[in-house]
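Open the structure in your viewer and keep the selection tool at hand. The tour below goes stop by stop, with something to select at each one.

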Amino acid sequence: MRKELGLLILLIVVGGITGAINPTFLSAVNLLNMANLIGLFGVFSLGEGLVIITGGIDLSVGSMFALLGVVFIDLLTLHQWPWPLALLAVIAGGVVLGAIQGTLITRLKMQPFVVTLCGLLIYRGAARYYTTDSTRGFGYGDEADQLRTLASGHLYGVPNTFIFLVILAIVMGVALHRSVYGRYLYAVGKNEEAARYSGIRTSLVVAGAYVISGALAGISTVLLVFYTDSVSPSSFGNFYELYAIAAAVLGGCSLRGGEGSIFGIVLGTALLQVLQNLVNILGIPSSLNFAVMGSVILIGVLADQQFQARRRMAAATGAARRAMPVPILRSGEQKT
Amino acid sequence: MLEPLLELVGITKVYPGVTALDDVSLRVIPGEVLGLIGENGAGKSTLMKILGGVVSPSAGTIRLDGHDHATLTVGEAIGAGIAFVHQELNLFENLDVAANVFIGRETLVGGPLRLVDNAGQRVRVAPLLERLGADFAPDTLVEELSIAQRQMVEIAKALSMEARVIIMDEPTSSLTISETERLLRIIADLKAHGVAVIFITHRLGEIAASADRVVVLRDGRVAGELARAEIAHATMIRLMIGRDLKSLYVPPRSASREGGCDIADLVTAAFPDRHVSLSVRHGEILGLAGLVGAGRTSLARTVFGIDRNRGGEVRLDGAPVVVRDPRDAIRHGIYLVPEDRKKSGLVLELPIRENITLADLPRYARMLLVRRRSEAAVSRTQSARLGIKAPSIDTEAVALSGGNQQKVVLAKWLAMRPRVVIFDEPTRGIDVGAKNEIYALMRGLADQGVAILMISSDMEEVIGVSDRIAVMHEGRITGMLAREDFSEYNVLRLAMGQAHEPAEAA
């Protein structure tokens, strides 16, 4: 929890300073706007986080948005599907894509980076081919009005996306930190071999993370479609996988696997959105947007690493002191 | 007599808690083949690491061409013409033969560009390969070569460095008979050219065929030295054994029961052309002895479902059990305490509690959620039962000593319902006190009716703890010893692939 606490303090400090310089930052309109964006980006960042905890990576989510997005709009407008069916179809689409990637990674032992990079290229290409690169949007009709209200509405002024993220984070937090599957996920991420020696079906655990990431990408597609109201297949969702990875890493996930928490990922997402917003509010040229984000992540991860190294040193000397009275064979120095 | 080109005087190496070498003296004369033999753990590898400059001795002198050194650096060792042909070959598979021979000493062309002269290197390697009678070209990629051919690359590398002493650490362990003969011919040729060879092997026949002199190590000391005329199997084995074994043996409370685990004609990945059959009865500790690489770990991995079963079957109380993965084995109560506990036994960064419950987590869960209270209760019970010394059950396993880590691995299985437990080197790297505790736990388990298979390379442990000993040699069970036949001599003979002589006592 120490990591999350640090991140929370950083978030408050950054927010406080920005608010002090320009009070607009703390205005209700701005805060609610940010909340909406945090909700939109948080949902798929959580899925990315799970994948990263297994020691993998999912580069394909941004392109999934484009492919699933154009399909979703076509189902509603062209094919006039009822919205619950279209919603289910899009989520199922995400699940299927995630399952394919998970299978390639676990059964055929391909590298996650390669598999999902190819996913990124294939889904984007498929979306552009399918639409002949034309933008898909809703007509003047009232397709899926109920779903639109659900996805982009407000409850007492709070954006539904944010509320949804909070609920999702609670459910997934319990699942990750309390459930059997969650425990397996950490164990596999930390030491897949030992997990296998304990009888855990590690392939299923890992593939499951990609499936969940795919499902959350499906849900995110719907939220994003109603946020932008149209999908241009060549740009919709571009770089969003990188936002998700950045949020997860900032939130304490290690790309080596086995580390990270749901709360951390949510805070990471929030910090990224605050940074973007701050660039606008403080009049920093928006072209510097990515540079600011990159610098903060770099500094954050570096600081965390230094901090952990120091803690490990302290722990190691502590352990050595405890073990002093007994002669101990150092590991790796067994007799030949 | 020729001046020795290399002499070790009074070499001692002490590691915390163990003396690996104790006052070892040794000399090597140009153009001789010196056989170096000894059991697992006798100190051969440590001695060779000192010669290679990898490890510094705690005391003693290394005399090279009349100059005394307290310790060698890797550079000095190479400079003095000491070269290695390692047990696990240190070659770059993705590079060709010539590049491997000249690795780190590349011939450069192109002036400031510092490009590697690949063509030139190949031309220089060709005569070396020819001299060794190699059947491959200098531009062959190493990954395309067999183990025997790779050894030739290592020897060619040694020759290219104008080595005067080549140390071969079990070079024949993975060679076929004809490949071995060719290697022995190469050794004879090196000798004829004045190159000395230190030949480490477990195969006494090869020593008898090639060595001019044999030095036998036992427990880090020189147990004896044999001149050419004195080299004989029985003499060598007698010198290798003969230490006082402390009596660790605790007899079972009752005679071992009927039933247990039968391994029938099992084919393992390490020796796909051999069949292994073995029976462990409920209530007994069956020791599985053998030299490193005899196929014991592979057998354990196959029974536990880590490696695919390539033939044969495992029966539990007469009923065949199908084991496709460790999950199946665990469901039948067959557990493995693996050789490398840090890599395979524990998730080091998880707390003790989570390691103990990892293999049986659904049992601690209701509605898919883990109940920490019942998890903690079981962890505390097991920690107390096994005497795990740690600040709390939430301490990460990485912070524990080797002995306590091993107890956590054991606790994981004891919290379940064991019927057969395979221990692979259960006390490796563990201090003496914890060792005895682990032996007591094993005996306790056996007395509860669990069948225990203990793989061990530690002679004291095998003889001191087992009720019976099975000995494995190159993928085969070469013998089964009852308690009255236990002796280091008998175990070692079988481990080296020689027939059991029941009447002989050591």
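A residue counts as buried if 20 or more other C-beta atoms lie within 10 Å of its own. Keep that cut-off in mind for the first stop, and remember throughout that this is a predicted model.

**Stop 1: a covered strand in chain B**

Select residues 451-455 of chain B, which form strand 22. How many of its five residues are buried? The count is five of five, so by the cut-off each has 20 or more other C-beta atoms within 10 Å.

**Stop 2**

To find one of the pairs, select I285(B), whose bridge partner in strand 22 of chain B is I452(B).

**Stop 3: an open sheet in chain B**

Move to the sheet of four strands in chain B, whose order is 2-1-4-5 and whose pairing is antiparallel. Which strands stand at the edges? They are strand 2 (18-28) and strand 5 (67-69) of chain B; each has a single partner strand, so one side of each is left without a neighbour in the sheet. From one strand to the next, the twist averages 20°.

Select strand 1 (residues 6-15) and strand 4 (residues 59-64) of chain B, which run antiparallel and are joined by five bridges. Within this pair, T12(B) is opposite A59(B) of strand 4 of chain B. Now show residues 44-51 of chain B, helix 1, which packs on the sheet and touches strand 1 and strand 2 of chain B. The direction of helix 1 of chain B makes about 60° with that of strand 2 of chain B.

**Stop 4: two helices in chain A**

Switch to chain A and select helix 4 (residues 83-106) and helix 5 (residues 112-130), whose axes come within 9 Å and cross at roughly 150°. The crossing of these two helices of chain A is right-handed. Helix 4 of chain A contributes L97(A), Q101(A), L104(A) and I105(A) to the contact, while helix 5 of chain A contributes P112(A), V115(A), T116(A) and G119(A). By class, the residues of this contact are five nonpolar, three polar and no charged.

**Stop 5: one residue of helix 4**

Zoom in on Q101(A), found in helix 4 of chain A. Is Q101(A) buried or exposed? It is buried, because 27 other C-beta atoms lie within 10 Å. Leaving out residues up to four places away in sequence, Q101(A) touches S60(A), V115(A), T116(A), G119(A) and Y210(A). Take V115(A) from that list: it is 14 residues from Q101(A) in sequence, and the two are 6.4 Å apart in space, C-alpha to C-alpha.

**Stop 6: where the chains touch**

Finally, show both chains; their contact takes 29 residues from chain A and 42 residues from chain B. On the side of chain A, helix 9 gives the largest share, five residues.

Key: Residues are numbered from 1 along each chain as its sequence is written. Chains are lettered from A and ligands numbered from 1 in the order in which they are written. This is a predicted model: local features need pLDDT of at least 70, side-chain atom pairs count only at pLDDT 80 or more; totals for chains, interfaces and linings use all residues. Axes are lines fitted to C-alpha atoms, for helices over the stretch in contact, and angles run from 0 to 180 degrees between N-to-C directions. A crossing is left-handed if the near helix is turned anticlockwise from the far one by less than a right angle, and right-handed if clockwise. Two residues are in contact if their C-beta atoms, placed from the backbone, lie within 7 Å. Ala, Val, Leu, Ile, Met, Phe, Trp, Tyr, Cys and Pro count as nonpolar, Asp, Glu, Lys and Arg as charged, and the others, Gly among them, as polar. A residue is buried if 20 or more other C-beta atoms lie within 10 Å of its own, exposed if 12 or fewer, and partly exposed in between; C-beta atoms are placed from the backbone. Two strands pair if DSSP finds at least two bridges between them.
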